[in-house]
Amino acid sequence: MLESVSKIHNEIKDTGLKDLIIKLDHVAYRVKKGEREKAMVELANLVPYKDYKTFKVISMNAITSTLKLHETLPVIVVSEGLTNDSIVEKYVKKFGGRIHHFAYLVKDIEKVVKIQIERGVKFTTDHIIGSEEEGIKQIFTLPTEAANHIIEYVQRFGGFDGFFTPSNVGALMKSTEQLGEA
Ligand SMILES: [Fe+2]
């Protein structure tokens, strides 16, 4: 057992986060322009994934498809930019095709974010994106240093099973632009 991890785990438990953060909801890849289908085929060749839903993020010049293994979570989300100036394509030019974020389902996102801000965690936006009416609320942390990927907290309402609303995915993607990581 790593003492440093146990210490953080106990700290997290004391804040109440242990009961608020439930499970992995989706894993999001960003891949090169023109390689979304290739990435999906590669994954489907290794794991019996089935094609689930595809979304076009017009404001960000990007397209996002999703894969599901049986009816289990996490859903696999694969995005590609459609133009060279798309945030997704700029990200991939810098880091290569890879995982961009892991999204964790939470119970009370306001509470989670409040606790984490108090603990010094930094987010890519100063507010939570989405609303109860839209069926989803989400926020991105800054990328982790050692593994350089983002953690997303996501809360769902009324059985909404998408990964963003068309109105907020642009804002969410846009929020990563200031990181110098876009
Ligand atoms: Fe996500």
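Which strand does Tyr-104 lie in? Tyr-104 sits in strand S5, residues 98-106. Strands here are DSSP runs of E with at least two residues, while helices are runs of H or I with at least four, and both are numbered from the N terminus. Residues are numbered from 1 along each chain as its sequence is written. This is a predicted model, where local features need pLDDT of at least 70, side-chain atom pairs count only at pLDDT 80 or more, and totals for chains, interfaces and linings use all residues.

Let's stay with Tyr-104 for a moment. Tyr-104 counts as partly exposed because it has 18 C-beta neighbours inside 10 Å. For comparison, a residue is buried if 20 or more other C-beta atoms lie within 10 Å of its own, exposed if 12 or fewer, and partly exposed in between, with C-beta atoms placed from the backbone. Tyr-104 touches Ile-21, Lys-23 and Leu-24, among others, not counting residues up to four places away in sequence. Being in contact means that two C-beta atoms, placed from the backbone, lie within 7 Å. Val-27 is 77 residues from Tyr-104 in sequence, yet their C-alpha atoms are 9.1 Å apart.

Now for the sheet. Eight strands make an open, mixed sheet in the order S2-S3-S4-S1-S5-S8-S7-S6. S2 and S6 (129-131) are at the edges with a single partner strand each, so one side of each has no neighbour in the sheet. Neighbouring strands are turned by 25° against each other on average, direction ignored. Two strands pair if DSSP finds at least two bridges between them.

| Pair | Bridges | Residues standing opposite |
|---|---|---|
| S2 (residues 49-57) and S3 (residues 62-69) | Seven | Lys-50 and Lys-68 |
| S3 and S4 (residues 72-81) | Seven | Thr-66 and Val-77 |
| S1 (residues 21-31) and S5 | Eight | Ile-21 and Val-106 |

S2 and S3 have four residues between them, and Asn-61 takes a positive phi near 50°. S3 and S4 have two residues between them, and His-70 in the turn has a positive phi of about 50°.

What about the core? The largest nonpolar core has 31 residues, and Met-60 and Val-77 are among those touching the most other members. Such a core is a set of buried Ala, Val, Leu, Ile, Met, Phe, Trp, Tyr and Cys residues joined through C-beta atoms within 7 Å. Met-60 touches residues including Ile-87, Val-88 and Met-173, leaving aside residues up to four places away in sequence.

Key:
Axes are lines fitted to C-alpha atoms, for helices over the stretch in contact, and angles run from 0 to 180 degrees between N-to-C directions.
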